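Subject: Structure handover

Hello,

Please find the structure below. My notes on what turned up follow it.

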Amino acid sequence: MEIKQFRYSTDNFAYLVYQNKSTLIIDGGAVDSILSFVNQNDLVIEFITNTHTHPDHTLGNTSLLKSSKGVFIDMDELYKTEFIQIADGKLHVLHTPGHTKDSFCFYGGNFLASGDTLFNGKAGRCFSGDFRGFLKSIKTLMELPVTTNIYAGHDYVEEYMGVAKQLMPDNGEIDKFLKKYNPNHVYSTLADEMKINPCLKFNDNKMISVLKELNLPVKTEYDRWKSIMSVV
Ligand SMILES: [Fe+2]
């Protein structure tokens, strides 16, 4: 199963997931580029869906549905879906509330389409207000194989690496990651995220010291997660 990234509206990403000719579109805002890639490669759009319902992620849905025979999988359907069958491949649907209540990630092949739940270098903002649920979702994602490629909903890499550097000035992995950054193909591995993403460091001793210096609560894992989320 393959994934192809398309940039639109400056920093948004749409994704096309395909196995043989069968194709699923996730957050398909880059309508023209998606349709020309589909035509050039003789692909068939079978499904169209979203990582969540923020308008910058759903704005391509209507045009794609008009221009293809793709079936729309809405959020109500995603809640009930364990995986989406794409040709002979399974794309797993993970309900990951936190950024919004209706946030989903998609895991297949060696990749995760993580929407605004997990960016390259930070977790998404907690618009749902449910920090506890968000931590649970993030911990679920952290259990995926470390070789998993993380394809996020936006490119905020340079900005977020600036934030990460402020919190972890002696973390040499941040510059290494920035050197690899390519705006034409933006992704990280879960192993990268473990090294550079402050939001995944709620059990990291160095991060705990930083939080203590900032006089932020560190007693429980949840305290530390919430403290980190308050400074990134
Ligand atoms: Fe969002």
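One term before the notes: a residue is buried if 20 or more other C-beta atoms lie within 10 Å of its own, exposed if 12 or fewer, and partly exposed in between, with C-beta atoms placed from the backbone. This is a predicted model, where local features need pLDDT of at least 70, side-chain atom pairs count only at pLDDT 80 or more, and totals for chains, interfaces and linings use all residues. Residues are numbered from 1 along each chain as its sequence is written.

Met207 sits in helix α9, residues 205-213. Helices (H or I, at least four residues) and strands (E, at least two) are DSSP runs, numbered from the N terminus. Leaving aside neighbours within four places in sequence, Met207 is in contact with Pro198, Lys201 and Ile228. Contact means that the C-beta atoms of two residues, placed from the backbone, lie within 7 Å. Met207 and Arg224 are 17 residues apart in sequence, and their C-alpha atoms are 8.9 Å apart in space.

Two domains

The domain assignment gives domain 1 (2-197) and domain 2 (201-232). Such bounds come from an automatic or database domain assignment. Taken over C-alpha atoms, the two centres are 26 Å apart. Where they touch, 8 residues of domain 1 are in contact with 7 residues of domain 2. On the domain 1 side, the elements that give two or more residues are β11 (122-123), α5 (131-142) and α6 (157-167). α5 gives the most to that side, with 3 residues. By class, that side has 6 nonpolar, no polar and 2 charged residues. Here Ala, Val, Leu, Ile, Met, Phe, Trp, Tyr, Cys and Pro count as nonpolar, Asp, Glu, Lys and Arg as charged, and the others, Gly among them, as polar.

Helix α5

The 12 residues of α5 should span 16 Å at 1.5 Å a residue, and the end C-alpha atoms are 16 Å apart, which agrees. The expected span is 1.5 Å times one less than the number of residues. Which residues of α5 are buried? They are Phe134, Leu135, Ser137, Ile138 and Leu141. These cover an arc of only 160° around the axis, so they lie on the same side of α5. The arc is that of the directions from the helix axis to the C-beta atoms. Their cover includes β8 (104-108), β9 (111-115), β10 (118-119), β11 and α10.

Trp225 and helix α10

Trp225 belongs to helix α10, residues 221-231. Trp225 is buried, with 22 other C-beta atoms within 10 Å. Not counting residues up to four places away in sequence, Trp225 touches Phe131, Leu135 and Phe202. Trp225 and Phe134 are 91 residues apart in sequence but 9.6 Å apart in space, C-alpha to C-alpha. The buried residues of α10 are Arg224, Trp225, Ser227, Ile228 and Met229. They pack against β11, α5 and α9.

The core

The largest nonpolar core has 60 residues. A nonpolar core is a set of buried Ala, Val, Leu, Ile, Met, Phe, Trp, Tyr and Cys residues joined through C-beta atoms within 7 Å. Strand β2 (residues 12-19) supplies the largest share, 6 residues. Domain 1 and domain 2 each give this core at least three residues. Tyr15, Val17, Ile25, Ala113 and Tyr151 have the most contacts inside it. Ala113 touches residues including Ile3, Tyr15, Cys105 and Tyr151, not counting those up to four places away in sequence.

Best wishes
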